[in-house]
Amino acid sequence: MSLFKKIVNKILNQQEEEDDPNVTKLGDELRDADLDYKFAQLFTHSGGYFNYCGDDSEALQTLNQILKIEGINSVFCWDKQLQDFLNVTKTKYTSQLEEENDAAFITAEYLIAFDGRVMLSHNNIMHYHSSRLPEKIIIIANVSQIVTNLGEAMMKVKRAGNLKNLTSISGSQSKLDTPNKDSSKLFLLLLED
């Protein structure tokens, strides 16, 4: 494994083992597919719940369904714009992570089409370590945030100066999983720009 890959894996809190062969095989099959389609396929293949939303109204409706179906009562959400969504659904939220939070509602830095991962930074999860987030995570992102691979995402993050607290997650195969967190659920609301 190259030194660069080891450093990137260390930054993203990933183990130094090879990619899941099933994801790699599916990725190869989707090599020539549109980035958004490829990302959606690989994200759901890894256990994530993908929801395409044409506009804010549809995103709000989908969010409300997720909150009801999953029985979510208290959400960690520090982003003021996302708090507006929760106000409309009349969902209790806290701007600091608390034990009572049964879900997190956050944004993402980038969506990586190569393997269906979601890149997060301090802009999305503040100063919290990703393993402290609740088991249910709802992410809202735009189609324009989809990038080809980790290298492109890292280049954009570096240019923007967001190199704090980087991590990546994907579906139920999330790096958030710890021995006592085996039922993590990752929901993505993908909005058209």
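Guide: Let us begin with Val-75. Leaving out residues up to four places away in sequence, Val-75 touches Leu-67, Leu-86, Thr-91, Lys-92, Tyr-93, Thr-94, Asn-101, Ala-103, Ala-104 and Phe-105. Please bear in mind that this is a predicted model.

Visitor: In which strand does Val-75 lie, and how far apart are the C-alpha atoms of Val-75 and Phe-105?

Guide: Val-75 belongs to strand E2, which covers residues 74-76. Phe-105 is 30 residues away along the chain.

Visitor: Is Val-75 buried or exposed?

Guide: A residue is called buried when its relative accessible area is under 20%. The value for Val-75 is 1%, so this residue counts as buried.

Visitor: Which residues does Cys-53 contact beyond its neighbours within four places in sequence?

Guide: Cys-53 is part of strand E1, residues 49-53. Its relative accessibility is 0%, and therefore Cys-53 counts as buried. The C-alpha atoms of Cys-53 and Leu-190 are 5.7 Å apart, although 137 residues separate the two along the chain. Beyond the neighbours within four places, the contacts of Cys-53 are Glu-58, Ala-59, Thr-62, Leu-189, Leu-190, Leu-191 and Glu-192.

Visitor: Among contacts between residues at least 6 apart in sequence, what percentage joins residues at least 24 apart?

Guide: This question concerns the protein chain, which has seven helices and 10 strands. Of the contacts between residues at least 6 apart in sequence, the share that joins residues at least 24 apart is 72%.

Visitor: Which residues have the most contacts inside the largest nonpolar core?

Guide: The largest nonpolar core has 24 residues. At least two of its residues come from each of H3, strand E4 (103-107), strand E6 (117-120), E7 and strand E10 (185-191). In general, nonpolar side chains of soluble globular proteins tend to be buried together. Inside this core, the residues with the most contacts are Phe-39, Leu-111, Val-118, Ile-139 and Leu-188.

Visitor: Which residues does Leu-188 touch, not counting residues up to four places away in sequence?

Guide: Leu-188 is among the residues with the most contacts inside the largest core. Not counting residues up to four places away in sequence, Leu-188 touches Phe-39, Phe-43, Tyr-49, Phe-50, Asn-51, Leu-111, Ile-139 and Ala-141.

Visitor: How many residues are in the second, separate core?

Guide: The second core includes Ala-59, Ile-66, Phe-85 and Leu-86. Its number of residues is 18.

Visitor: Is Lys-90 buried or exposed?

Guide: Lys-90 is found in the loop between helix H5 (80-89) and strand E3 (92-94). Although Lys-90 is not a glycine, it has a positive phi of about 60°. Its relative accessibility is 75%, so Lys-90 counts as exposed.

Visitor: What relative accessible area does Met-126 have?

Guide: Met-126 is located in the loop between helix H6 (122-125) and strand E7 (136-142). Met-126 is not a glycine, yet it has a positive phi of about 55°. Met-126 is buried, and its relative accessible area is 15%.

Methods:
Residues numbered from 1 in each chain as written. Predicted model: local features only at pLDDT ≥ 70, side-chain atom pairs only at ≥ 80, totals over all residues. Heavy atoms only, no water. Helix = DSSP H or I, 4+ residues; strand = E, 2+ residues; numbered from the N terminus. Buried < 20%, exposed > 50% of the residue type's maximum accessible area, 1.4 Å probe, protein only. Contact = heavy atoms within 4.5 Å. Core = buried A, V, L, I, M, F, W, Y, C linked by side-chain atoms within 4.5 Å.
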